[in-house]
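Here's a quick walk through a two-chain model, one topic at a time. Have the viewer open and follow along.

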Amino acid sequence: MSLEMAFDLFLAASLLWSGWRALSAPDLDCALTLFITFGLLMVLAWARLTAPDIALAEAAIGAGLTGALLLDAYGVLRAGKVGGQAGKFTRLTVVLAAVSLVLILIPALADLAPPALDMRPLVEANLQDSGVTHPVTAVLLNYRGYDTLLEVGVLLLALVALLAARGTESGMVSVPRPSPDPLLAMLGRVAVPVMVVVAVYLLWAGAFRPGGAFQAAAVLAAAAVLLHLTGLRPGWRQPGAGLRWGLAGGFFLFLGVGVILLLVEGELLRFPPDYAGLLILLVESGLTLSLGLILAGLFLFLSHDNRGA
Amino acid sequence: MIEPVSTILLCVGGFFYFAGTLGLLRFPDVYNRLHALAKADNLGLGCILLGLAIQEQTLAEALKLLLIWPLALAASASVSYAIARRADVLGIKPWRDGGGE
């Protein structure tokens, strides 16, 4: 058994173990920590599968942002004593449903027909017309830009739904934040500029290597969350006009480019090869800013300064 | 010349990680464990990054690897501080020898 094989087996075992421990942990605190650990192990697994694009997204969104959101939700739960342990019957039903789903999925996975169409040669052959040299970005922004446009729309809708469900919170009083802790504020001041540089780098690198708008946006969002958690910036209340435009701008820019291409080229999001690179960079820049704001908003609109640390 | 130096640095780094993990598992309270983790792992990371950097072909790649170190140092110091302060706020008393559990 080679060393790499041993590492992969160890990684797979660790994934299963941390997943199981996260589910069976006695308290939510422990379960959340284990869930974040599971996410980080998942990053390693994606890296081992030579899928650095997914590894980057998983690290930033899966382990980082989702972990922060869950911890934040746990803080609210603990403060308000909401919910509680599910009944025995409910738990049994959930376990039975999960087991049946797994039992159905395993044979289905074994039964998968070979893909009718191998897309890889097509992707490679048309890469020079796509405007970028990294196949993942070419697929996301050019070949199936329609899907990506809808994905961005879904994220925007999720944030709008969150704002609607959150209500107007007229009863919420704005309390001045305690002065930020000097050491943590220092971390924020050092780390955030570096994170902004990393985000711009990821956006630029997306054209020819792993990276792109989603990863860059996740890093931007993480920087915003860090600014909030280190006490440098307050959470968001109601989105003003500027923030609204920022949140929706990426989607509208993408849609606008699509509509113009529909009028000029006769098809939604068919990029002319000469301008494809430029248009993709334009769309990705808009998406980075908007997605960053949306992802940060998922955290910052829910964070209340007056909840008590 | 580079190969053996790199190997030694990687092994030393691995040893510091081992020592830090041992401290995490065996030390009596949260402050001691943080101390073990932050100190030993930061030194271990430095050794491993240096060991990898001197194997790199280009200076840019080596510097990129070395750039990880100050970032990790800043993050680990701040996070350790935040955890220790939280533990202090929660009223966890530092462990004293002979004071029992």
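## Ground rules

This is a predicted model, so local features need pLDDT of at least 70 and side-chain atom pairs count only at pLDDT 80 or more, while totals for chains, interfaces and linings use all residues. Residues are numbered from 1 along each chain as its sequence is written, chains are lettered from A and ligands numbered from 1 in the order in which they are written, and side-chain values use heavy atoms, leaving out hydrogens and water.

## Two helices in chain A

Take helix α9 (residues 213-229) of chain A and helix α11 (residues 276-300) of chain A: they pack at an angle of about 40°, with axes 7 Å apart. Helices here are DSSP runs of H or I with at least four residues, strands are E runs of at least two, and both are numbered from the N terminus. The axes are lines fitted to C-alpha atoms, for helices over the stretch in contact, and the angles run from 0 to 180 degrees between N-to-C directions. That makes α9(A) and α11(A) oblique to each other; the label covers whatever is not under 35 degrees (roughly parallel), over 145 (roughly antiparallel) or 65 to 115 (roughly perpendicular).

Who touches whom? On the α9(A) side the residues include Phe214(A), Leu220(A) and His228(A), and they meet a set in α11(A) that includes Glu284(A), Leu291(A) and Phe299(A). Contact means heavy atoms within 4.5 Å.

Thr148(A) sits in helix α7 (residues 145-166) of chain A. Is Thr148(A) buried or exposed? Its relative accessible area is 0%, so Thr148(A) is buried; the cut-offs are under 20% for buried, over 50% for exposed and partly exposed in between, with a 1.4 Å probe and protein chains only. Setting aside neighbours within four places in sequence, Thr148(A) is in contact with Leu140(A), Phe214(A) and Phe254(A).

Val136(A) belongs to helix α6 (residues 135-143) of chain A. With 33% relative accessibility, Val136(A) counts as partly exposed. Val136(A) and Gly212(A) are 76 residues apart in sequence, yet 9.1 Å apart in space, C-alpha to C-alpha.

## Chain B

Chain B has three helices and zero strands. Its C-alpha trace spans about 55 × 25 × 15 Å along the principal axes. Of the 101 residues of chain B, 25% count as buried. Among the contacts in chain B with a separation of 6 or more, 69% are between residues 24 or more positions apart.
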